[in-house]
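Below are some numbered points on this structure, written for someone who has not looked at it before.

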Amino acid sequence: MAERGYDATNFSDIAGELGVSKGTIVHHFGTKDRLLAALHERYMRQRLAEAKLMCERLRTPTERLAALLSAFVLYQVVDRDATVAFQREFVRLADREVMAEGRKMRTEYLELVRGVLSDGIEAGEFRDCDVNVQSLLIFGSAQWTWTWFEPDGLVTAEQVGAQLVALVLGGLLVRRTRVTGLSDPAGRVARTVRACLAETADKGTLPEAS
């Protein structure tokens, strides 16, 4: 799905690549919709685990938002295929009943980000703004990264993430002098992000589909 998109993907191709029978995939998932739903659920479960751990490890709303922004771009290399498949087929979450659990988890993630924004405003770290609009602008920029980011290109995911942090926090922070430290790819926030991604992956937060 990452390579071809949902419509151009079929069970026969997947079975051939995995070296299993088409019937095995049909037995476990039934339909292609259910396979996509399982992918979305596994993906969002992982992202939520990482986001919650980052928010636990970092003290301030500003640091937490910087971490979430950095992670959005790192997913393009840390979990490339799943990220591309999720982002390019996200529109299919809109109204299909089989995607209900994936939509629920995405809403939970969105509310987590909005909570960080609200906490930042309340703490006097962020200027007053429309939290709903800000969160959608952030997700909108992250959602289309797969269309232009090249994992083997001249600019690394860490460098792109640093620019996203600088862009968003530069507009939100009351004290903009903090941006440089928060967006540093070698700084404490970035190190925390990488540690959280590695730790949740080691814990196996993606259960097998059944």
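Which residues are buried in α5?

1. The model is predicted: local features need pLDDT of at least 70, side-chain atom pairs count only at pLDDT 80 or more, and totals for chains, interfaces and linings use all residues. Residues are numbered from 1 along each chain as its sequence is written, and side-chain values use heavy atoms, with hydrogens and water left out.

2. The buried residues in α5 are Ala82, Thr83, Val84, Ala85, Phe86 and Gln87. Buried means under 20% relative accessible area, exposed means over 50%, and partly exposed lies in between (1.4 Å probe, protein chains only). Helices are DSSP runs (H or I, at least four residues), numbered from the N terminus. The cover over the buried residues of α5 includes α3, α4 and α7; contact here means heavy atoms within 4.5 Å.

3. α4 packs against α5 at an angle of about 115°, and their axes are 6 Å apart. Axes are lines fitted to C-alpha atoms, for helices over the stretch in contact, and angles run from 0 to 180 degrees between N-to-C directions. On the α4 side the contact has Tyr75, Gln76, Val77 and Val78, which meet Arg80, Thr83, Val84 and Gln87 of α5. By class, four of the residues in this contact are nonpolar, three are polar and one is charged. In this count Ala, Val, Leu, Ile, Met, Phe, Trp, Tyr, Cys and Pro are nonpolar, Asp, Glu, Lys and Arg are charged, and the others, Gly among them, are polar.

4. The largest nonpolar core has 48 residues, and within it Leu65, Phe72, Tyr109 and Leu169 touch the most other members. Such a core is a set of buried Ala, Val, Leu, Ile, Met, Phe, Trp, Tyr and Cys residues joined through side-chain atoms within 4.5 Å. Helices that each supply at least two residues of it include α3 (32–57), α6 (100–122) and α8 (157–172). α4 gives the largest share, 10 residues.

5. What does Leu169 touch, not counting residues up to four places away in sequence? Its partners are Thr62, Leu65, Ala66, Phe126, Val179 and Leu182. There is also a second, separate core of 12 residues, with Phe11, Leu36, Val84 and Ala85 among them.

6. Side chains of opposite charge can pair when their charged atoms come close. A salt bridge is counted when a side-chain nitrogen of Lys or Arg is within 4 Å of a carboxyl oxygen of Asp or Glu; by this rule there are six.

7. One of them joins Arg47 and Asp79, with the closest N and O atoms 3.1 Å apart. Arg47 is in helix α3 and Asp79 in the loop between α4 and α5, 32 residues apart. Arg47 is buried, at 3% relative accessible area, whereas Asp79 is partly exposed, at 23%. Salt bridges link Arg47, Glu50 and Asp79 in a network.

8. Arg57 and Glu199 form another salt bridge, the closest N and O atoms being 2.8 Å apart. Arg57 lies in helix α3 and Glu199 in helix α10, so this pair ties together parts 142 residues apart in sequence. Arg57 is partly exposed at 40%, and Glu199 is partly exposed at 25%.

9. Arg114 and Glu111 meet in a salt bridge at 3.4 Å, N to O. Both lie in helix α6, three residues apart, about one turn of the helix. Arg114 is buried, with a relative accessible area of 14%, while Glu111 is partly exposed, with 42%.
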